[in-house]
Each structure stands twice: as structure tokens, then as C-alpha cells.
Amino acid sequence: MVLDNFKDWKMETFSILDKNGKVTNKEKEPKIDNDTLVKMYKTMVYTRMADEQALKYQRQGRMLTFAPVKGQEAAQVGPMAASDKGDWLVPAFREMAAMLYKGVPLQKLYLYWYGNEQGSHFGEGSHILPVNVPIGSQVNHAAGIAYASKLKESGEAVIAFIGDGGTSHGEFHEGMNFAGVFDLPLVTIIQNNHYAISTPRSKQTKAASLAQKAHAYGIPGALVDGNDPLAMYVVTKAALERAKKGEGPTLIEALTYRLGPHTTSDDPTIYRSDEEVEEWKKKDPIIRMYKYLSNRNLWNKEKEETLRKDYKKEIQDTFKAVEKLPAPTLDEVFDYTYTEMPEYLQRQKEARKAQAKSGGDR
Amino acid sequence: MMAEMTLLKAINTALHEQMEKDDSVVVYGEDAGYEGGVFRVTAGLQKAFGEKRVFDTPISEAAILGSAVGMAVAGLRPVPEIQFSGFMFPGYNQIAVHLARMHNRSRGLYKMPITIRMPYGGGVRALEHHSESLETLFAHIPGLKLVIPSTPYDAKGLMAAAIQSDDPVIYMEPKRIYRAFKQEVPEKEYTIPLGKAKVVQKGEDITLVAWGAMMHEARKALKELDEDISVELIDPRTISPIDTDTIMESVKKTGKLLVVHEAVKTLGIGAEIISRANEEAFFRLEAPPVRLTAPDIIVPLPQGEHHHMVDKERIKQEIKKLASFEE
């Protein structure tokens, strides 16, 4: 059969640390300074704790629906540690670790999921786009930023995140193809967490890997252990160097696992087994980074205890502060519709205010 | 025999019945198969009718709706689901450019017996892009029908009619009232004709037109209204083509028209209904017709969403204002 010649795709997963934090790929172990290694770890712990705490608040009815990140911290922290300050972060909607690493205050992230648009204002020069809920569309924004960077010769690259489900979307393909054609400085990271809500990765695409989709765009596609922060660092670093040399985009598939629900509205027990979840818990990225740092005498139990105690208070205080913030006013929900308020909209606003005053508002 | 059920259950029941009755009906979408949809509207269908007729798709609205066109051409009767109406945009190309036009451009060779289901609307403290009311974007496209039920009884009968229709039907589901109340619904199959409004309550002073979750809100408002104002309440049920006859008959009687909708004001369905009142009942109007709608702003996130919503208090206000209108 002639088609047999075209069937196979080589699959090798790049990794540096095993699940016990042991270096299995000495040759590729990155030389990251100690402060950065510790920052990577601390961000992972902070993310995990803030995520778990938010889930508790949600179950108590104090937090609205949000998308937990638990289990995917390394796939986000590795790439951000490899990036420069001027590089851009274009998230999907589960990138709490990446956003925290790049400097978004937790208060902003909580505020967004708490239902307030101020949670998407990260300040001038942050180089971070807001959370992107519609699947896959952000890849095109990332391509546009990368185009501007190339045009302006700013030297900035773009890191975009997407999920396994997002790769089924036309916009993923269109954005990657666009970036490929113009050799744009874009690194797209697919966090393959194995489920798009209830739909398993196997039903998302017949392709053996998601990384291999890069081949169709004429760019490198790397398959990486996404729970290995060092492997994610090394591969992203190489992709960013390539991007900044003008050689074009790279696609990285990070193999990881969402340990929690898709969102707080989702019940994952309907579509996956406890055994499967338990297996992935053994590959927890935080465990392996802890052990790696301990082996290098950069971390220990005492430091861990102090850190968690401090973080717990900080996280709880942050959420309480969010709860105390005033809700958006009537003016606020109108005033950003356009850069300048049109007359007719001003009149609508005044009418709405009058209604509210005469008891028409709750 | 009657059974008491929610609007959500009524849709689910209609899907069961229509799949039972017609082997060409297929149901699919993101998480619509195994899990039965994120709201469980399609729950139990895959178990009952198998994975070939009820299935999960990749996340691809363009593929979900474009494939429906192909399935219809080849003799199936697809009932695809868009998980939230706010996510239909990647598939809108297929709706506006192909699905609505195929019958016309093939001069009747290819019919499009497709029913696209999508939950819509606000008031549930949902995430960004989960609360919009986009009915105008469908009503503006010739060749499409658009249905919005407001009760379990209507939901079941309209779904049956939509699936049996040889024209493409957008079936928007007011998710806010999916489980808000129950109603006695016949266990036997029945259809409610598309394009027929329902006079929910007879009245003499004001004609109030509303649909979806707003109908529910309007009924609450009327229940609480202390003043002696007689309101005729009309649910168009089919938004496109809209049953102007029933509405205008009422407007000619009352002389006063109030349209309530959740969607933003400019070019909302209210604008169309009022235009028709001007065309067909102008000399019987006793007051300028009124639209009570969301303002022309982007749906705020939950903390600010109440600034956008229409609620029973506002409806009561408008009824009173309109009732006491003087030149």
C-alpha cells in the first residue's frame, strides 16, 4: 500500500527531570541562576495555593466560576523564566502561574474571576493580554503582536498559550500559518492537559502528537514533558532565541494534566477515573521541583514551612481585599464602550440612572 | 397524560422523541455526547441512540455547523449544539454564508433541515462571553428561522417543529430559566407551528411583547403590579419570521406597545416590532411605542451585570409610565 510510506511520525518527549526531581538528561540541564530557580519554585507554590484557596472560596459561594490551573504550573513557569521582561504573554484562560510569574498581582487575577473588568488592567508596559475565553482566537493576536515587533524591530518575542482542545480550532491553524509565513517571533505553547472539558485528547485529533502540527507550518514542533519546569525552560529558551534571530515561530506541546475540574462548574468524575488522576498526582510538577532544589541545597523543609505560612496569609488577605472592593459603577460599565462617549449613549446612561433612582434597580 | 418538567427537560424530551421517530436526526457538539452537554440538555441521548447519532466533536464551531450543511445535503437532519451563543462566531460564517443560502442558491435542490441549538442570555453570573443575547444577528439573515421558547410547553412543541422543518432553524435557549420552574407538559408528541405568537394573557390597555427569560420577568412584573392596568402579554415564540398579525391585532386594540428584550437597544428585535407598528397600526397608536432593553454597552462581568439587565422592577416602571401617558 503506497500510503504506508507516509504514515509514521516520530514521537520523543523531551525531559530533563524525572518525576522524582532526578536529572536524567545531564547534558541538557540548564544553567539557571539560583534566584531564578527559587523564584520558579515559589511561583509554582504560590499559584497552587492561590488556586486551591480560590476553589474553597468558590465552594463557599464567595468566588464565582473560574478555571483552576492545578497541575500545570511547570508548563507555564518554565517558559516565563526563559523569557525577557519585554517579551509578551498572550494567555488563554488557565495561565495563572504564567501571569503571576510575569508580575500580575494576584489581586488582579482574583478580581477578574470575581467578575470585575479592573482585573484585566495590568498597567502600561506590562506586555500581558487579558484572559482569553473564546477558544483559540488569541493565537492570531499573538501573531499580530509578533508582526508589530518585527516591523518595529523591538526585539520582543511573544509567548502564546493554548490548550489541546484549542488546536482543533481554525483560528489556531490560521494564526500559526500566518506567523510561519512571515517568520514572526512567536512561541506558541500548547498545554496538552488531556481534556477539553469532557472530551479526551484522543477525540480531539487523530494526530499522534499536537507538536507535529508544526510540520505543516514549516516550523519546529517540540514535544516536551510539561510537568518538568527545566525541560520547558530549555525548549522555550531555544525557541525564543530562534524567534529573536528572525528565524520564525516555534510550536511547543507541553504534556501535562489538569488535576482539577475544567472550571468550577465542571464535574470531572463523569468522564475520567480516580486511578488516572492518582497516576498524574505522582508526576506533580511541584514535587519534582522541590526535590530538585533540595538536592541542590537551595531549598528545605524549614523554608517550605515558612513560605507556605506566609503565602497562606497573603493569599487570604488578597481575597478579602478583593471582596471589599466596590463593584463597577453604572458610569464605569458605560464609559469604556468607546474612547469618547457618544451623545446617544450618554443619554442612555442618564436614563438608566434615573430609572435606578426611582427604584428600578436592585 | 401530562408530565411535570423544566424547560431543560422539555427540550431533552423533544430530542428523545424526534430521534426516536426519525433515524435521520443526529445530535452533536462540544461535550454534547458522552457527558450530555455542559447543561445536560442532551443527557441520555447517546446511551439511547448510540455514538453514531449522538457524538462529541472537536472544539470547532465552523466544523460543527459546516458539517451540518453537508449532512443535510446528504439527507440527514442535524441538530448541532453550540455550547454558548457567544461562541458561535467562528461558525457564523457557515450560518450566514452557506446554511441560510443553500436552498435558494440551489433553487430548491438542497434543503437545510438543520436545528442549531444554543443557550443564550444573562443573569446567571457567568464568565465573559457567556451572557450575550445575539438574536438580531440571526434575524437579520434571510433564509433563517429563529425560535426562542419561554416555557417548557412551548420548548417541547417548538423543538419538534424546528427539527421537522425543512428550513434551518436557530433555536436559542434562555439558560437562565432552564431550571427556573416546572410546567405540565403532554407526554405525547406535539408540535407548535413556527411563526405563530401566543397571547399569554388578555388585556385592554397595553400590549407587552417579550420572549425568553424576559417573558418570565414580565409575568413576575404583572403579578406584582398594584395598579389597575390591563396588560395584554404576547410571546412571539418565533422571532423570525415574526407573527406581526397577532401583535398588531393587539396593538390596534390597546393603542400602546411596550417591547421588552434582554439584547442591546440599537437594532434589537424591538426596533423591528415597533417599525411594523408604525407601518401597520400607526393611526391606532395612543402613545409612542416603547422599548425596554439593555443599554448599548458590552455585557459587564457579573459584578456590574445588573447595570445591563432588564428586571421586573424596570418593567413595572415602564408599564406605569406608558399607562399614564398624556400628550
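**View 1. The open five-stranded sheet of chain A, in a predicted model.** The strand order here is β1-β2-β3-β7-β6, with parallel pairing (a pair needs at least two DSSP bridges; strands are DSSP E runs of at least two residues and helices H or I runs of at least four, numbered from the N terminus). At the edges sit β1 (88-90) and β6 (221-225), each pairing on one side only. Neighbouring strands are turned by 20° against each other on average, direction ignored.

**View 2. β2 next to β3 in chain A.** Six bridges join β2 (residues 158-163) to β3 (residues 186-192), and the two run parallel. Look for A:Ala160, which stands opposite A:Thr188 in β3(A).

**View 3. Helices on the chain A sheet.** Helix α5 (residues 138-152) touches β1, β2 and β3 of chain A, and its direction makes about 170° with that of β2(A) (angles run from 0 to 180 degrees between N-to-C directions of axes fitted to C-alpha atoms, for helices over the stretch in contact; contact means heavy atoms within 4.5 Å). Helix α9 (residues 229-244) of chain A lies across β2, β3, β6 and β7 (250-255), running at about 170° to β7(A).

**View 4. β14 of chain B and its partner β13.** Four bridges join β13 (residues 257-264) to β14(B), running parallel; B:Val259 has B:Arg291 as its bridge partner.

**Reading notes.** Residues are numbered from 1 along each chain as its sequence is written, and chains are lettered from A and ligands numbered from 1 in the order in which they are written. In this predicted model, local features need pLDDT of at least 70, side-chain atom pairs count only at pLDDT 80 or more, and totals for chains, interfaces and linings use all residues, while side-chain values use heavy atoms, leaving out hydrogens and water.
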